[in-house]
Amino acid sequence: MTDEDWFSLGKSDAWAGKPKISPEQDSQAASMYDLGYSEGEIQRSPTETRKAP
């Protein structure tokens with residue numbers, strides 16, 4: 001998987017409310033996953049719908 005793949009996986013896991021599980025064998029992949037997960041926690045999922053007032 002590429003760095004972008006790990007980043008996207010971390011982000012989607014955060015949006016899905018899954019626990020953060022970074023790859024232990026590859027420090028670069030773990031960093032990208034953590035970065036994506038952190039960003040996913042901050043941003044709202046694009047699939048999440050907002051209720052109209």
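Buried means under 20% relative accessible area, exposed over 50%, and partly exposed in between, computed with a 1.4 Å probe on protein chains only. The model toured here is predicted: local features need pLDDT of at least 70, side-chain atom pairs count only at pLDDT 80 or more, and totals for chains, interfaces and linings use all residues. Residues are numbered from 1 along each chain as its sequence is written, and side-chain values use heavy atoms, with hydrogens and water left out.

**Stop 1: helix H1**

Select residues 3-16, which form helix H1; helices here are DSSP runs (H or I, at least four residues), numbered from the N terminus. H1 has 14 residues and reaches 20 Å from its first C-alpha to its last, close to the 20 Å expected at 1.5 Å a residue, where the expected span is 1.5 Å times one less than the number of residues.

Next, colour Trp-6, Phe-7, Gly-10, Lys-11, Asp-13 and Ala-14, the buried residues of H1. They cover an arc of only 160 degrees around the axis, which puts them on the same side of H1; the arc is that of the directions from the helix axis to the C-beta atoms. The face of H1 turned away from this buried side carries the exposed residues Glu-4 and Ala-16. Just after H1, select Gly-17, which takes a positive phi of about 75 degrees.

**Stop 2: Asp-13**

Return to H1 and centre on Asp-13. Is Asp-13 buried or exposed? Asp-13 is buried, with a relative accessible area of 10%. Not counting residues up to four places away in sequence, Asp-13 touches Lys-18, Tyr-33 and Tyr-37, contact being heavy atoms within 4.5 Å.

**Stop 3: the loop**

Ile-21 is in the loop between H1 and H2. Ile-21 is exposed, at a relative accessible area of 61%. Draw a distance from the C-alpha of Ile-21 to that of Tyr-33: the two residues are 12 apart along the chain, and these atoms are separated by 8.4 Å.

**Stop 4: helix H2**

Select residues 27-42 for helix H2. H2 has 16 residues, and its first and last C-alpha atoms are 23 Å apart, close to the 22 Å expected at 1.5 Å a residue. Its buried residues are Ala-29, Ala-30, Met-32, Tyr-33, Gly-36, Tyr-37 and Gly-40. Seen down the axis of H2, they fall within an arc of 165 degrees, so they line one face of the helix. Ser-27 and Ile-42 are exposed residues on the face of H2 turned away from the buried side.

Also in H2 is Asp-34, which counts as partly exposed at 26% relative accessibility. Leaving aside neighbours within four places in sequence, Asp-34 is in contact with Lys-20 and Ser-22. Asp-34 and Leu-9 are 25 residues apart in sequence and 9.6 Å apart in space, C-alpha to C-alpha.

**Stop 5: where the helices meet**

Finally, display both helices together. At what angle do H1 and H2 pack? The angle is about 40 degrees, with the axes 7 Å apart; axes are lines fitted to C-alpha atoms over the stretch in contact, and angles run from 0 to 180 degrees between N-to-C directions. Among the residues that meet are Trp-6, Phe-7 and Trp-15 in H1, and Met-32, Leu-35 and Glu-39 in H2. What covers the buried residues of H1 includes H2, and what covers those of H2 includes H1.

Notes
Helices (H or I, at least four residues) and strands (E, at least two) are DSSP runs, numbered from the N terminus.
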